[in-house]
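Me: I am new to this structure and would like a close look at a single part. Please take the charged contacts there and then the strands beside them.

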Amino acid sequence: MRDDDYIMSAYNVRMPKIIYGTAWKKEDTAGYVEQALACGFKGIDTACQPKHYHEKGVGDALSVCLNDNLKREDIYLQTKFTPVNGQDPERIPYDPKARLSLQVEQSFQTSLDNLKTTYLDGLVLHSPLAKQAELMEVWRAMEAIVSSGACKQLGISNCYKLKQLETLYKKAKIKPAVLQNRFYAKTGYDRELREFCRKHHIIYQSFWTLSANPELLQHELIQNFAEQYQRSTAQIFFRYLSQQGIIPLTGTTSVPHMQNSMALFEFKLSPEECALIDGLLPAA
């Protein structure tokens, strides 16, 4: 990837403009991550949540792929702390009876062990906790990890209330550098949240970007652009998002689709074309 294919976060962390997502791949995770890295992906998203992620598989893939030509520092590696209510009760990767701050510490150490690394580039809170005091206890524990040097930046996921993000940003000592949300019509494509992110240098990451928007990919406008640029409709949509400062996650298991994802930086949409696509995304 070229320098232009990255974006710099508020904490001076270089993040690729497209990230490979590893959810729901189970025992096949290592193989798919190896393929993604071979296709040129430089960003990997995972979570310490055995219910939906096989984090150790990501670590196994990295062990195979890291060499003289691909070093750990070349990869943006991001995991998540998942609160108890998002875990499989039979496979919680920390002591659920421990205080919240210790849960975060134990989860993070498990991630380091799973991923076979001494540091992470990003730690994301998988979802906000219902009580503000609990949310801030978890965030303070995450801040302590960054202060220790074991992680470079923090983020939050599945946060769809602007007030909640505003409050977290105000109270946080180490501000969120990333917001990772579903990108779909039900939330009005998070227009208000994205504007807040833009003003405060928070990078918005989108997931369910393709699977939740089949009608957009089938729209005549997107199809016309795909024909014009000789690209797939997915490439057109991903390119549009990247030009808006949004980092899409893709969890494709198809090597040709992985290759297409990495080729989306070979062309650029005009501002007028981006404006037309933007008009397809209604506010809530």
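Reply: Asp60 is partly exposed, with 25% relative accessible area, in this predicted model. Its salt-bridge partner Lys116 has closest N and O atoms 2.7 Å from those of Asp60. Lys116 is partly exposed too, at 48% relative accessible area. Because Asp60 belongs to helix α2 and Lys116 to the loop between α3 and β6, the pair ties together parts 56 residues apart in sequence. The salt bridges come to twelve. Among them is Arg91 with Asp88, at 3.2 Å between the closest N and O atoms. Another joins Asp5 to Arg2, at 3.4 Å. Asp5 counts as buried because its relative accessible area is 6%, and the cut-off is under 20%.

The strands come next. Strand β5 spans residues 76-81, and six of its six residues are buried. Tyr76, Gln78 and Lys80 point one way from β5, while Leu77, Thr79 and Phe81 point the other way. With strand β4, residues 43-45, β5 pairs in the parallel sense over three bridges. Gln78 in β5 stands opposite Asp45. From β4 the chain passes through helix α2, residues 55-65, to reach β5, in a right-handed β-α-β crossover. Strand β6, residues 122-125, runs parallel to β5 and is joined to β5 by four bridges. Lys80 has Val124 in β6 as its bridge partner. A right-handed β-α-β unit is made by β5, helix α3 (residues 100-115) and β6.

Notes: Residues are numbered from 1 along each chain as its sequence is written. This is a predicted model: local features need pLDDT of at least 70, side-chain atom pairs count only at pLDDT 80 or more; totals for chains, interfaces and linings use all residues. Side-chain values use heavy atoms; hydrogens and water are left out. Buried means under 20% relative accessible area, exposed over 50%, partly exposed in between (1.4 Å probe, protein chains only). Helices (H or I, at least four residues) and strands (E, at least two) are DSSP runs, numbered from the N terminus. Two strands pair if DSSP finds at least two bridges between them. A crossover is right-handed if, with the strands pointing away from the viewer, the path from the first strand over the helix to the second runs clockwise. A salt bridge is a side-chain nitrogen of Lys or Arg within 4 Å of a carboxyl oxygen of Asp or Glu.
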